[in-house]
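Let's take a walk through a protein model together, one piece at a time. Keep the picture open and turn it as you read.

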Amino acid sequence: MIIVVLMGRSGCGKSTNEKLFEDLGYSRIISYTTRPMRVGEQNHVNYHFVSKDEFRELIDRGTFVEWAEYNGNFYGAPKPVGSDKYVAVLETDGFKQFKKMYGTQVCGVYIDTDKNIVVERLNARNNMEASVVASRNQEDDTKFAKAAEIADIVVDGNGDIPTVFNNILKGVLKWREKHDSEYACN
């Protein structure tokens with residue numbers, strides 16, 4: 001089994017790259033969240049949208065490998081079931097929990113993107129208010145301060161999506177070759 005974990009600031013392209021992994025046959029680990037659905041999102045497709053009470057019940061049942069609070073909402077990644085190739089978008093703490101549970105089956109990818117580029121992308125996304133963008137950037141400064149140190153792969157996220165995704169794939173392939181002896185590759 002391989003689990004590719006994508007990490008990075010809001011607006012770095014994690015979700016877009018996650019979809020590209022799905023196109024290659026990776027199963028997405030669909031997280032649970034208490035945040036409201038955005039326009040165009042679908043329940044059980046983008047996230048499993050639940051209430052805070054339902055989220056607490058899932059914690060109590062041991063559903064999650066990890067869970068966290070971000071911008072006042074809860075997010076939790078469930079244990080993977082039924083495939084041998086997964087992709088997930090997580091924060092650094094989530095990556096650490098997956099790595100602790102699944103070891104070298106987990107490949108952490110940090111998409112290192114310049115703050116100015118992220119601000120441009122966030123401003124273009126759903127006409128976000130400047131205060132929301134600033135708040136996310138400030139929280140991301142803390143959450144991803146050491147991401148490059150703990151990730152297995154660091155890619156430059158400043159380019160266009162095809163270039164960034166190609167660099168992620170190259171990194172994952174090199175990482176898999178290095179760890180071939182530790183698990184069966186497909």
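**A walk through the model**

Start in strand 6, where Gly 76 is the bridge partner of Trp 67. What you're looking at is a predicted model, in which local features need pLDDT of at least 70 and side-chain atom pairs count only at pLDDT 80 or more, while totals for chains, interfaces and linings use all residues. Residues are numbered from 1 along each chain as its sequence is written, and side-chain values use heavy atoms, with hydrogens and water left out. When we say helix (H or I, at least four residues) or strand (E, at least two), we mean DSSP runs numbered from the N terminus.

Back to that bridge. Strand 5 and strand 6 run antiparallel and are joined by 6 bridges; two strands pair if DSSP finds at least two bridges between them. The hairpin they make has 2 residues between the strands, and Asn 71 takes a positive phi near 50 degrees there. Now zoom out: these two belong to an open sheet of 4 strands, in the order 4-3-6-5, with mixed pairing. Strand 4 (48-49) and strand 5 (64-70) stand at the edges with a single partner strand each, so one side of each is left without a neighbour in the sheet.

Contact here means heavy atoms within 4.5 Å. Helix 3 (residues 92-102) lies across strand 5 and strand 6 as well, at about 170 degrees to strand 5.

Next, look for the rings. The structure holds 11 aromatic pairs. Rings of Phe, Tyr and Trp (its six-membered ring) pair if their centres lie within 6.5 Å, and planes under 30 degrees apart count as stacked, over 60 as edge-to-face and the rest as tilted. Phe 55 and Phe 74 are a stacked pair, 5.5 Å centre to centre with 25 degrees between the planes. Phe 55 lies in helix 2 (residues 52-61) and Phe 74 in strand 6 (residues 73-78), so this pair ties together parts that are 19 residues apart in sequence. Both Phe 55 and Phe 74 are buried, which means under 20% relative accessible area, with exposed being over 50% and partly exposed in between (1.4 Å probe, protein chains only). Ring pairs also link Phe 55 and Phe 74 with Tyr 32, Phe 64 and Trp 67 into a cluster.

How covered is strand 1? It is mostly covered, as 6 of its 6 residues are buried. Ile 2, Val 4 and Leu 6 point one way, while Ile 3, Val 5 and Met 7 point the other way. Strand 1 pairs in the parallel sense with strand 8 over 5 bridges, and with strand 7 over 5 bridges.

Now for helix 1 (residues 14-23), where Lys 14, Asn 17, Glu 18 and Phe 21 are buried. Down the axis of helix 1, the buried residues fall within an arc of 105 degrees, so they line one face of the helix; that arc is taken from the directions from the helix axis to the C-beta atoms. They pack against strand 1 (2-7), strand 2 (27-28), strand 7 (85-89), strand 8 and helix 7 (161-179).

Finish at Ala 151, in the loop between helix 6 and strand 9. At 14% relative accessibility, Ala 151 counts as buried. Leaving aside neighbours within four places in sequence, Ala 151 is in contact with Met 7, Phe 95, Gly 108 and Tyr 110.

Definitions and conventions:
Axes fitted to C-alpha atoms, helices over the stretch in contact; angles between N-to-C directions.
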